[in-house]
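Reader: I'm new to this one. Could you walk me through the words used for it?

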Amino acid sequence: MTTSPDSPTNANSQARPSTAAVDFRTVDLRGRSLSLAELREAVPRARQQTVADAEQKVTDIITAVRQRGFAALAEFARTFDGVEQAHPRVPAEALQSALDGLDPAVRLALEESISRARRFADGQRPADVDISLGDGAVVSQKWVPVARVGLYVPGGLAVYPSSVIMNVVPALAAGVESIALASPPQKDFAGLPHPTILAAASLLGIDEVYAIGGAQAIAAFAYGVPGEAGTPALEPVDVVTGPGNIFVATAKRLVKGVVGIDSEAGTTEIAILADSTARPAFVAADLISQAEHDPKAASVLITDSLQLAAEVREELELQAASTKHSQRVREALSGPQSGVVLVDGLDQGIAACDAYAAEHLEIMTADAPAVAARIRNAGAIFVGDYSPVSLGDYCAGSNHVLPTSGTAAFSSGLNVTTFLRAIQVINYSEAALGQVSGHIVSLSGAEDLPAHGDAVTVRFRRVADHYM
């Protein structure tokens, strides 16, 4: 459930009802034999704002935060969020008050989501390994958590306590000891993040929370902000995670190398691979569920059934007219990033799915588990009629921070290993080193790095000299 609205282009305007038709376009691949490159070009994609458009603005924000610290953050809070801010740290009493005031039904739902996410995250931690390559020759790999992480939870068109869970739970499961969380200040809540965000953080035991939004939050996490005049510092982190808009994504790209990041996530997307057995109402509802995130959200149906495509279009009109965020949904469904892709059959449909590499991919076909097993590229795969993306957004136990814009072809969703490092440990005895010393000398000579070989042979010369 990757999201997009954040400063400096925060769009908080209320959607107005619309009666405009949904212009759900068609991409017809039938009768065409396309290469992977051609398939990638053919499937619907958003005409996204380029990194170049945002890069200078984000560079200026990062520079300001590094040079002017909390003063710059206060200025950005005033400019982008319309709030006055003395210090962005959320007081402990505000966190407790938010939890005390949480709707009991929402609290139960968050607790269930946390429980399921924890069980899945706890099972993800990879095991340390010790490999013996001979007597006295042992190579090990151990997984060590990073010391400190900064987790970003977006604001804008919606409230995302679920993103608090998705960021915090795997970090805790990895064993991270220092966790800071940032979310944009809200004018309606006295300059603090939304109280449901604060309540979710409190439920998870996170007490270091900041009212900072957008690229400036990423900059503050990456470089830290020194304390001044008795105010506490914001210490730099090792890894930054969490979704956001083009400015957040650009900031994460610019600080990558200073800190680790999960991904440069963009606007949310769903693809559904469906055949004639699929239920049109289910398909339409799931396409709409992601379209309501943002006018630029992508909703794509891939099918070999003309009848299903026609029935889904009818359902989209009906359901879009009655949903709360109708205007936003219609705009997303009518954009260049959305539409139906017609294919000749299952094989071409799977190829189209792999070319698209969806953040969320639903399989609504006959024998859906077998079809899902053939998919290579997706952030998460939802199998069958009763595994909608909404389940993964909240209560499946899986993580909803997933790669977008085709990056699922080479990257993974947020998980425990995001917060771990694999450290290799080499422990050889004198005899074990002696067994491979000749090979090391040969290879160092082949690479014209003779000192590498000397670093081995000197050990045996000294041993020999000692006994002379």
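This is a predicted model: local features need pLDDT of at least 70, side-chain atom pairs count only at pLDDT 80 or more; totals for chains, interfaces and linings use all residues.

Reader: Why is C353 called buried?

Author: Buried means under 20% relative accessible area, exposed over 50%, and partly exposed in between (1.4 Å probe, protein chains only). C353 has 2%, so it counts as buried.

Reader: And what makes C395 partly exposed?

Author: Its relative accessibility is 25%, so C395 falls in the partly exposed class.

Reader: How many disulfides are there?

Author: Zero, going by the rule that a pair of cysteine sulfur atoms must lie within 2.5 Å.

Reader: How do you know that helix 12 is mostly covered?

Author: Eight of the eleven residues in helix 12 (residues 346-356) are buried, among them Q348, I350 and Y356. Helices here are DSSP runs (H or I, at least four residues), strands too (E, at least two), numbered from the N terminus.

Reader: What lines the largest cavity, by class?

Author: Seven nonpolar, five polar and no charged residues. Ala, Val, Leu, Ile, Met, Phe, Trp, Tyr, Cys and Pro count as nonpolar, Asp, Glu, Lys and Arg as charged, and the others, Gly among them, as polar.

Key: Residues are numbered from 1 along each chain as its sequence is written. Side-chain values use heavy atoms; hydrogens and water are left out.
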